[in-house]
Amino acid sequence: MLPTYLLSLREGLEAALIVGIVLGALTKIRRNDLSPAVWLGTLSAVGVSILTAILLTSFGMSLEEQAEQIFEGITMLIAAGILTWMIFWMSKQARFLKSELEAGVNKAAASTGKRAMFWLAFVAVVREGIELALFVTAAFFAGDQSQVNSNIIQTLAGTILGLGTAVLLGWTLFATTVRLDLRRFFQVTGLLLILFAAGLVAHGVHEFNEVGWIPSIVEHVWDVNAIVDENSVPGQLLKTLFGYNGNPSLTEVIAYFIYLAVVTVLWRRDTAPVKAPEVSQA
């Protein structure tokens, strides 16, 4: 439940900020008559995102044996790639998001009005929603597949709670004088999501080990299931959140740590505060 909560919170807050900025821009130019089109676009994007999550999960559950392992492996790696891109994109673009959206609102309001506002809101929100659908699907298959009903309940609970918290935070930011340190928020969640993405990479490699697409080299580098069984409650939590495997293959371990090292170095470089140039004194 924790991974889907974290993912839903971050994606949901991004969507809430986008909707809030768009509505705020309409208020500034006194075009609140276009607000219903924004909400219609937002709700349509939410519907498309929910449908995407249902279709992806249902399709994966309908597969068996090798086909299911291939689907899970591909889903894990795609989700890890998009999640990594999302983390870096937000770290670079967050400071320009408001100005770009406000410019888009002014242009849309001056052109085709309601239709333009619908598509502006729809495209902005559906991007976050489709990403979340893919992440939730990957998190679902990373969980305990021997307890499908429990896994579904935990995934849904985490998603609903995360989106609910995001909506509450978004409303608080725009309705009160409370200001959330968004830069710090995205830094902390970005670090946690890097760990989650590393687990997805390792899990994807594990699935490809099973079907023989990637050699294990060493089938079990270590076996610590006697200490923390991967099928226990703590083991399942660690598996879903960080890709824990009590007896991983060598290629799983290599993929996990190479991804973690490379992405962490690049992420720290991009999020490091820019130093002001020194002024030389004559």
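This is a predicted model: local features need pLDDT of at least 70, side-chain atom pairs count only at pLDDT 80 or more; totals for chains, interfaces and linings use all residues.
Which element of the protein has the lowest mean pLDDT, and which the highest? Helix α7, residues 233-242, has the lowest mean pLDDT among the elements, at 76. Helix α2 has the highest, at 91. For the protein as a whole, the mean pLDDT is 83. Of its residues, 88% reach 70 or more.

Stay with α2, which spans residues 35-62. This helix packs against α4, residues 114-142. The angle between the two is about 25°. Their axes lie 7 Å apart. Angles under 35 degrees count as roughly parallel, and α2 and α4 are therefore roughly parallel to each other. Their crossing is right-handed.

Now turn to the largest pocket. It holds about 1,000 Å³ of space. Its lining is made of 36 residues. Closest to the centre of the pocket are Val 46, Ile 50, Leu 132, Thr 159 and Leu 163.

Which helices supply the lining? Both α2 and α4 each give at least two residues. So do α1, residues 2-28, and α5, residues 148-175. By class, the lining of the largest pocket has 24 nonpolar residues. Another 10 are polar, and two are charged.

Terms used. Residues are numbered from 1 along each chain as its sequence is written. Side-chain values use heavy atoms; hydrogens and water are left out. On a 1 Å grid over the protein atoms alone, a cavity is a set of points where a 1.4 Å probe fits but cannot get out, and a pocket is an open set with protein on both sides within 12 Å along at least five of seven lines; lining residues have an atom within 4 Å of a point. Grid points are joined across faces, edges and corners, and a volume is the space filled by probe spheres set on the points. Helices (H or I, at least four residues) and strands (E, at least two) are DSSP runs, numbered from the N terminus. Ala, Val, Leu, Ile, Met, Phe, Trp, Tyr, Cys and Pro count as nonpolar, Asp, Glu, Lys and Arg as charged, and the others, Gly among them, as polar. Axes are lines fitted to C-alpha atoms, for helices over the stretch in contact, and angles run from 0 to 180 degrees between N-to-C directions. Angles under 35 degrees count as roughly parallel, over 145 as roughly antiparallel, 65 to 115 as roughly perpendicular and the rest as oblique. A crossing is left-handed if the near helix is turned anticlockwise from the far one by less than a right angle, and right-handed if clockwise. pLDDT is the predictor's confidence in each residue, from 0 to 100.
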